Amino acid sequence: MKIVKDKGVEGKVIVCTGAAGVLCSSMTEDLLKHGAKVAVLDLRGDVAKQFCAKLAKKGLTQTLAIEANVLDKASLEAACKAILKKWKRIDVLINGAGGNHPKGTTPAEQMTKGTPLEDTFFGLTPEGFEFVNKLNLVGTILPCQVFCKEMLKKGGAVLNFCSMAAYQPLTKVAAYGAAKAGIMNFTRFLATHLAPMGIRVNALAPGFFITNQNRFLMLEKDGKTLTARGNKVIAKTPMRKFGQPSDLHGAARFLLSDEASFITGVTLPVDGGFVCYSGV
Ligand SMILES: NC(=O)c1ccc[n+]([C@@H]2O[C@H](COP(=O)([O-])OP(=O)(O)OC[C@H]3O[C@@H](n4cnc5c(N)ncnc54)[C@H](O)[C@@H]3O)[C@@H](O)[C@H]2O)c1
């Protein structure tokens, strides 16, 4: 009997934005271990370079560190040129850059009569809202415009990053939720638009992972004790734990591989059951 081995992401040229971040650095390392070539794009070019140097010490050398801003099309086009020069093609785009920020977050979960206005929705500055909304939504759309153009000849796959906030709003993070819901909608739009060109567009919706952008919401200043919000998250997660970056690996590789060749437009929750549980 002949054993058939799926090639997965082996040999694919992958562009990953926000690749020096917590979730995507872990994903990048996993993709490299499975034989992919990864262009490591990040606003923090120095951190991207250091990350690639660390990977090289582990024997993972098929990387290209590039400083790029997902909100600046010219910077993405320059990155695209450098990738094509090195590897001649682009097969996959992972839109990992994004996240929440305290300046787009309201301190109060709900407004009651005594709540100071500045702690509520009314205290949210347009700049704070716009920063978070733009980074996530526009920061997904612009890389698709630049890198999917390179997939038009041979097809390819895109993986966007949604969030639990895309299904149902989470308190405090109005800007982030609106942007992530927008990404879910945009994922379906682009999946439809590019399906005839052989480009699949899907998204992951990670549940709660402790990372730089949400640590201030989930953990007290000691870095260990759960905040009241952190406790609520665990209580609403049927598996009763936060995710680990490696929990995303299999889901990402599957959606990017040819095994998922008839799957497009989906947002896959990787959340320990958070989305399916009403809390009651
Ligand atoms: N951490 C979680 O629990 C969680 C849950 C759901 C979704 N997500 C999403 O997963 C993705 C990755 O999250 P993370 O926790 O690893 O975040 P992170 O903050 O660790 O990483 C984000 C990376 O993006 C880079 N970046 C920021 N602005 C950029 C820009 N303008 N251009 C290019 N790069 C830029 C940062 O330098 C950083 O390296 C984000 O879209 C986030 O919203 C995270």
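Axes are lines fitted to C-alpha atoms, for helices over the stretch in contact, and their angles run from 0 to 180 degrees between N-to-C directions. The views below show a predicted model.

**View 1. Helices α3 and α4 cross at roughly 35 degrees.** The axes of α3, residues 73-87, and α4 come within 10 Å. The crossing of α3 past α4 is right-handed. On the α3 side the contact is made by Lys-73, Leu-76, Glu-77 and Cys-80. Leu-142, Pro-143, Val-146 and Phe-147 make the contact on the α4 side. Six residues of this contact are nonpolar, two are charged and none is polar.

**View 2. Seven strands form an open sheet with parallel pairing.** The strand order is β3-β2-β1-β4-β5-β6-β7. β3 (63-67) and β7 (267-270) stand at the edges, where each has a single partner strand, so one side of each is left without a neighbour in the sheet. On average, neighbouring strands of this sheet are turned by 20 degrees against each other, direction ignored.

**View 3. Strands β1 and β2 run parallel, and helices lie on the sheet beside them.** β1, residues 13-17, is joined to β2, residues 37-42, by five bridges. Cys-16 has Val-40 of β2 as its bridge partner. Helix α2, residues 45-57, packs on the sheet and touches β2 and β3. The direction of α2 makes about 170 degrees with that of β3. Helix α1 lies across β1, β2, β3, β4 and β6, and runs at about 165 degrees to β2.

**View 4. Strand β5 is mostly covered.** Six of the six residues of β5 (residues 156-161) are buried. In a regular strand the side chains alternate between the two faces of the sheet. In β5, Gly-156, Val-158 and Asn-160 point one way, and Ala-157, Leu-159 and Phe-161 point the other way. Four bridges join β5 to β4, and the two strands run parallel. Asn-160 in β5 stands opposite Asn-95.

**View 5. A shell of 29 residues lies around the ligand.** Gly-18, Gly-21, Leu-23, Gly-98 and Thr-211 come nearest to the ligand. The largest share, three residues, comes from α1. By class, the shell holds 14 nonpolar, 13 polar and two charged residues.

**View 6. Lys-172 and Arg-240 have positive phi values without being glycine.** Phi of Lys-172 is near 75 degrees, and this residue is found in the loop between β5 and α5. Lys-172 counts as buried because it has 21 C-beta neighbours inside 10 Å, the cut-off being 20 or more. Arg-240 has a phi of about 60 degrees and is placed in the loop between α7 (228-236) and α8 (249-256). Arg-240 is exposed because 10 other C-beta atoms lie within 10 Å, and the limit for exposed is 12 or fewer.

**View 7. Pro-196 lies in the loop between α5 and β6.** Pro-196 is exposed, with 7 other C-beta atoms within 10 Å. Pro-196 and Leu-152 are 44 residues apart in sequence, while their C-alpha atoms are 9.8 Å apart in space.

How values were computed
Residues are numbered from 1 along each chain as its sequence is written. This is a predicted model: local features need pLDDT of at least 70, side-chain atom pairs count only at pLDDT 80 or more; totals for chains, interfaces and linings use all residues. A residue is near a molecule or strand if its C-beta atom, placed from the backbone, lies within 6 Å of it. Ala, Val, Leu, Ile, Met, Phe, Trp, Tyr, Cys and Pro count as nonpolar, Asp, Glu, Lys and Arg as charged, and the others, Gly among them, as polar. Two strands pair if DSSP finds at least two bridges between them. Two residues are in contact if their C-beta atoms, placed from the backbone, lie within 7 Å. A crossing is left-handed if the near helix is turned anticlockwise from the far one by less than a right angle, and right-handed if clockwise.
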